[in-house]
Amino acid sequence: MLTTEFEQHGWGEPVAAEYYCADSENGDHIDDLSEDALFMLISDLNDADNTFVVIQPDEDEPAWFASVAVLDEGGYEVVRRDTNRREHDVSVETAINQIAGDLTKWLAARAS
């Protein structure tokens with residue numbers, strides 16, 4: 001499991017919110033997600049059997065979520081949705097490091 005690997009190596013600092021997790025289509029699950037862990041999850045996406053990752057609070061009926069999905073034509077569709085703040089943004093990105101950085105900032109804002 002990725003969680004153990006990241007904890008053992010101390011890669012990255014967890015982002016501000018404490019009670020959310022990331023799940024990918026292939027079953028990878030990470031609690032207390034760091035930017036580096038998010039980068040690794042996105043890097044592992046492919047168009048065959050692991051096409052998306054979803055990040056959301058670890059609770060029933062979460063008020064917000066973010067997802068990253070592989071596009072057939074290349075790149076990634078990034079969705080950010082927060083019903084409490086009436087935000088819904090969909091973009092197409094190609095740089096994994098940019099996606100991970102932007103999502104980390106967006107996730108940190110959910111804690112405030």
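Q: Of the 112 residues of the protein chain, what percentage count as buried?

A: Buried means under 20% relative accessible area, exposed over 50%, and partly exposed in between (1.4 Å probe, protein chains only). Here, 39% of the 112 residues count as buried. Keep in mind that this is a predicted model, where local features need pLDDT of at least 70, side-chain atom pairs count only at pLDDT 80 or more, and totals for chains, interfaces and linings use all residues. Residues are numbered from 1 along each chain as its sequence is written, and side-chain values use heavy atoms, with hydrogens and water left out.

Q: How many helices and strands does the protein chain have?

A: Helices (H or I, at least four residues) and strands (E, at least two) are DSSP runs, numbered from the N terminus. This chain has three helices and six strands, in the pattern α-β-β-α-β-β-β-β-α along the sequence.

Q: Which residues of H2 are buried?

A: An α-helix has 3.6 residues a turn, so residues three or four places apart point the same way. In H2, the buried residues are Ala37, Leu38, Leu41 and Ile42. Seen down the axis of H2, they fall within an arc of 135° (taken from the directions from the helix axis to the C-beta atoms), so they line one face of the helix.

Q: Why does Asp36 count as partly exposed?

A: Asp36 counts as partly exposed because its relative accessibility is 37%. This residue lies in H2, residues 35-43. The C-alpha atoms of Asp36 and Ala100 are separated by 7.7 Å, and the two residues are 64 apart along the chain.
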